[in-house]
Amino acid sequence: LTRTPAKKVLVYGLSSGGGIGLKLLQLAASTEDRATFFHAPSQKTPQPAGAILCGAWIRYTTPTYSMKEFTVVDWVVTQRVFEFIYPKLGDMCGGDELRSKVSPICNEMHGLCPLYISVSKHEVCVDENHELVQKAKKANVEVEWDEVPYMPHAFQWCTAFLPEAREADNRIVQWMLRKLSNGDKN
């Protein structure tokens with residue numbers, strides 16, 4: 001953000017990338033964790049114009065109902081993927097005791113930029129994204145919710161062969177254009 005004004009920047013994250021994007025926004029807004037992450041901890045790190053989180057995987061603690069049960073209908077995160085990843089989460093987070101600290105859903109939402117959250121109603125991350133919307137709104141974060149039925153986790157990357165993904169992508173682009181044009185008015 002040293003060469004481009006924050007109002008001209010958008011964050012986009014799909015699946016675990018959505019979790020990384022949200023965690024980055026939280027670190028930028030934080031007063032506690034800044035010194036260990038940003039090079040200039042005394043300077044306020046501005047939030048971007050907005051963030052798009054598509055099927056964001058943001059809970060690394062106890063799996064939600066949709067994470068456990070929707071693996072039978074989600075053709076991206078199947079039961080086998082769930083069984084492979086969840087036992088390794090403690091190591092991925094730097095130890096079981098750090099799961100909450102690393103999980104974006106378990107951290108502060110105050111001071112975040114506007115969020116656009118796109119999920120499938122039948123994907124494994126839908127419950128944690130519903131929780132994100134509630135927490136963000138409670139923290140006075142502007143949130144736009146886009147839920148599409150009968151699609152798999154991270155369906156937004158399938159624009160080449162899923163009409164629903166193309167439609168979701170078009171809505172995302174329209175939101176992005178609105179957020180970036182708002183930056184011109186400031």
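Colleague: Are Phe82 and Tyr86 buried or exposed?

Modeller: Phe82 is buried, and Tyr86 is buried as well, where buried means under 20% relative accessible area, exposed over 50%, and partly exposed in between, with a 1.4 Å probe and protein chains only. This is a predicted model, in which local features need pLDDT of at least 70 and side-chain atom pairs count only at pLDDT 80 or more, while totals for chains, interfaces and linings use all residues. Residues are numbered from 1 along each chain as its sequence is written, and side-chain values use heavy atoms, with hydrogens and water left out.

Colleague: How many aromatic pairs does the structure hold?

Modeller: A pair of aromatic rings is described by the distance of the centres and the angle of the planes. Rings of Phe, Tyr and Trp (its six-membered ring) pair if their centres lie within 6.5 Å, and planes under 30 degrees apart count as stacked, over 60 as edge-to-face and the rest as tilted. The structure holds five such pairs, among them the tilted pair of Phe82 and Tyr86, with 4.7 Å from centre to centre and 35° between the planes. Trp157 and Phe161 form an edge-to-face pair, because their planes stand at 85°, with the ring centres 6.4 Å apart.

Colleague: Why does Trp157 count as partly exposed?

Modeller: Trp157 counts as partly exposed because its relative accessibility is 49%, whereas Ala154, at 5%, counts as buried.

Colleague: Which residues does Ala154 touch?

Modeller: Contact means heavy atoms within 4.5 Å, and Ala154 touches Leu14, Ser15 and Glu123, leaving aside residues up to four places away in sequence.
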